[in-house]
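User: Hey, I've just opened this one and I'm new to it. Can you walk me through it?
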Amino acid sequence: GGAPPPPRGPAGPDRGGRGFDNDYETERQRRGMRERHMVNGKPKNWRIEVEGLARSSGWQELKDWSRQCGAIPEYTMVFGDGSGVVDYSRFRDFQLALDSLPRRPCDGREVRVFAAR
């Protein structure tokens with residue numbers, strides 16, 4: 001009897017309803033993103049990683065910022081630790097982003113941009 005347990009996961013009370021806030025969940029989520037990024041040991045998209053994002057930044061802000069250089073992102077994701085990833089389906093867009101975005105602030109913050117490991 002009694003009430004069912006509270007929901008767990010991104011919206012559950014164990015994370016304050018904000019998503020993956022603790023380091024364990026963030027790293028587990030990032031590792032999953034890297035695994036899905038590979039096909040037969042090769043990248044299926046060209047990916048940049050971004051560090052130093054504002055905690056209030058979401059995937060849409062990251063996508064809008066990544067378009068400022070003229071590159072067309074295919075996918076963006078922001079993690080709870082202030083980092084994120086941007087995938088490009090074309091090498092040309094990936095290279096343009098790597099060349100241009102490190103000099104552009106995102107949501108008013110200076111960020112670090114590098115090719116995914």
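User: Okay, what's the secondary structure of the protein chain made of?
Analyst: The protein chain has three helices and six strands. Going from the N terminus, they come in the order α-β-β-β-α-β-β-α-β.

User: And how confident is the prediction, going by the average pLDDT?
Analyst: The chain averages a pLDDT of 76, and 62% of the residues score at least 70. As a rule, where pLDDT is low, the predicted coordinates should not be read in detail.

User: Got it. What's the strand order in the open sheet?
Analyst: The open sheet has four strands in the order S4-S5-S3-S6, with antiparallel pairing. At the edges are S4 and S6 (112–115), each pairing on one side only. Neighbouring strands are turned by 20° against each other on average, ignoring direction.

User: What holds strands of a sheet together in general?
Analyst: They pair through backbone hydrogen bonds, either parallel or antiparallel.

User: Let's zoom in on S5. Is it mostly covered or mostly open?
Analyst: Mostly covered: S5 spans residues 83–88, and six of its six residues are buried. Ser83, Val85 and Asp87 point one way, while Gly84, Val86 and Tyr88 point the other way, and all of them are buried.

User: How many bridges does S5 make with S3?
Analyst: Six, and the two strands pair in the antiparallel sense, with S3 covering residues 46–51. For a spot to look at, Arg47 stands opposite Asp87 in S5.

User: And how many bridges join S4 to S5?
Analyst: Four bridges join S4 (residues 75–78) to S5, and those strands run antiparallel too. Thr76 stands opposite Val86 in S5, and Val78 has Gly84 as its bridge partner there. S4 and S5 form a hairpin with four residues between the strands, where Gly82 takes a positive phi near 85°.

User: Which strands does helix H2 touch?
Analyst: H2 (residues 59–67) packs on the sheet and touches S3, S4, S5 and S6. The direction of H2 makes about 130° with that of S4.

User: And which strands does H3 lie across?
Analyst: H3 lies across S3, S5 and S6, and runs at about 25° to S3.

User: Switching topic: how many aromatic pairs does the structure hold?
Analyst: Three. One of them is Trp46 with Phe94, a tilted pair at 5.3 Å centre to centre with 35° between the planes. Trp46 lies in S3 and Phe94 in H3 (residues 91–100), so this pair ties together parts that are 48 residues apart in sequence.

User: Is Phe94 buried or exposed?
Analyst: Phe94 is buried, with a relative accessible area of 7%. Trp46 counts as partly exposed, at 36% relative accessibility.

User: What about Phe91 and Phe94, how do their rings sit?
Analyst: They form a tilted pair as well: 5.9 Å centre to centre, with 40° between the planes. Both lie in H3, three residues apart, which is about one turn of the helix. Phe91 counts as partly exposed because its relative accessibility is 41%, and the cut-offs are under 20% for buried and over 50% for exposed. Ring pairs link Trp46, Phe91 and Phe94 into a cluster.

User: Where does Tyr75 lie?
Analyst: Tyr75 lies in S4 and is partly exposed at 35% relative accessibility. Its C-alpha atom is 9.8 Å from that of Leu62, 13 residues away along the chain.

Note on methods
Residues are numbered from 1 along each chain as its sequence is written. This is a predicted model: local features need pLDDT of at least 70, side-chain atom pairs count only at pLDDT 80 or more; totals for chains, interfaces and linings use all residues. Side-chain values use heavy atoms; hydrogens and water are left out. Buried means under 20% relative accessible area, exposed over 50%, partly exposed in between (1.4 Å probe, protein chains only). Two strands pair if DSSP finds at least two bridges between them. Rings of Phe, Tyr and Trp (its six-membered ring) pair if their centres lie within 6.5 Å; planes under 30 degrees apart count as stacked, over 60 as edge-to-face and the rest as tilted. Axes are lines fitted to C-alpha atoms, for helices over the stretch in contact, and angles run from 0 to 180 degrees between N-to-C directions. Contact means heavy atoms within 4.5 Å. pLDDT is the predictor's confidence in each residue, from 0 to 100.
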